[in-house]
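Please read them with the coordinates open.

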Amino acid sequence: MGSSTRGTLRSVAWLLSGVVVLVIGVVSAVQVRGALEREREFRSAPACTSVPVRASACVWEQGFTVRTADMHRNERREPPEAELVPPSGRPWHVTFRNTEPVLSEMEPGEKVVGLVWHGQVVEVRDAEGRRQPTSSGPVGWPEDRLGGALAGVSFGLPALVGGAWALLARGNRRRAAAATVVRWHGIALGITAILTLWAQSANDWPLWAIPAIWGPLALLGLASMTAFTLAALRGELADDDTPSAPRAPQPQAG
């Protein structure tokens, strides 16, 4: 397989990955508003006056006994989960986004308290008072959706543009180098969004902290991408300065 074919396949891979990630980012952005409304509804929900017979918009606490707790640390696609048994005896299967701080300490037979809303356990509290939201919990979802949207758009759009540009610029080394610059800056912008979300989650900062931190960093990244792209188009990057093959000496006329 020639270098030209490999380059074309690489550009197509970038193009397709950019489309997929960009779609995920757009979907996450659309979900931000719904996640905000759901969290707002949960925070304003009243406590149930009695144990509801059906799924209800009020919240109530239910005691559970831990039957199993599985971290799935060696299984990337499996979320951490636990099986909780109420006094009625019918087990509830609960999944979590991570293992800390409650799930990692769960032992079979341990007593925990689950906060139930709309028929789902949205939070678990252990005997020491530590709380952990479940995958069904609405708290934190707006931040996750916003972070996913920023990461998806930050990487997806440059990957899409860079991949398409490289396909259209076959044979033009300067434009191909500029497309490479765009793609790699997209990776940097996506990583910046992920690290911003991690910092916000680790420090329990409010939602507005995500755009407040990511915005200036993204502007710096865009400025860098613009400068390097222009340099590539002018032929100032190393990719365009590869020396050509030496010419054979010409015989001199005697």
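1. How do the axes of α2 and helix α4 cross, and within what distance do they come? In this predicted model, the two axes come within 12 Å and cross at roughly 5 degrees, and because an angle under 35 degrees counts as roughly parallel, α2 is described as roughly parallel to α4. On the side of α2 the contact is made by Glu143, Leu146, Leu150, Ser154 and Trp165, while α4, which spans residues 209-233, contributes Ile210, Pro211, Trp214, Thr229 and Leu233. Sorted by class, the residues of this contact are seven nonpolar, two polar and one charged.

2. The pairing of α2 with α3 has another geometry: the axes lie 7 Å apart and the helices pack at an angle of about 175 degrees. With angles over 145 degrees counting as roughly antiparallel, α2 and α3 are therefore roughly antiparallel to each other. Their contact contains 15 nonpolar, seven polar and four charged residues.

3. For α3 and α4, the packing angle is about 170 degrees and the axes are 9 Å apart, so this pair, too, is roughly antiparallel. The residues of the contact of α3 with α4 divide by class into 17 nonpolar, seven polar and two charged.

4. Which elements give two or more residues to the lining of the largest pocket? That pocket has a volume of about 530 Å³, and of the 20 residues that line it, Arg97, Pro133, Val139, Gly140 and Ser201 are the closest to its centre. The elements in question are α1 (3-43), β6 (131-133), α2 (141-168) and α3 (173-203). The lining consists of six nonpolar, five polar and nine charged residues, and I would ask that this division be reported together with the volume of about 530 Å³.

5. Arg125 deserves a separate comment. This residue is found in strand β5, which covers residues 120-125, and its side chain makes a polar contact with the side chain of Glu61 at 3.1 Å. Leaving aside residues up to four places away in sequence, Arg125 touches Glu61, Val112, Val113, Arg130 and Arg131.

6. The peptide bond from Glu100 to Pro101 is cis, with omega near 0 degrees, and Pro101 lies in the loop between β3 (92-95) and β4 (111-117). His118, although not a glycine, has a positive phi of about 55 degrees, and this residue is found in the loop between β4 and β5.

Conventions:
Residues are numbered from 1 along each chain as its sequence is written. This is a predicted model: local features need pLDDT of at least 70, side-chain atom pairs count only at pLDDT 80 or more; totals for chains, interfaces and linings use all residues. Side-chain values use heavy atoms; hydrogens and water are left out. Helices (H or I, at least four residues) and strands (E, at least two) are DSSP runs, numbered from the N terminus. A polar contact is a pair of N or O atoms within 3.5 Å; within protein, one must be able to donate a hydrogen and the other to accept it, and residues adjacent in sequence count only if both atoms are side-chain atoms. Contact means heavy atoms within 4.5 Å. On a 1 Å grid over the protein atoms alone, a cavity is a set of points where a 1.4 Å probe fits but cannot get out, and a pocket is an open set with protein on both sides within 12 Å along at least five of seven lines; lining residues have an atom within 4 Å of a point. Grid points are joined across faces, edges and corners, and a volume is the space filled by probe spheres set on the points. Ala, Val, Leu, Ile, Met, Phe, Trp, Tyr, Cys and Pro count as nonpolar, Asp, Glu, Lys and Arg as charged, and the others, Gly among them, as polar. Axes are lines fitted to C-alpha atoms, for helices over the stretch in contact, and angles run from 0 to 180 degrees between N-to-C directions. Angles under 35 degrees count as roughly parallel, over 145 as roughly antiparallel, 65 to 115 as roughly perpendicular and the rest as oblique.
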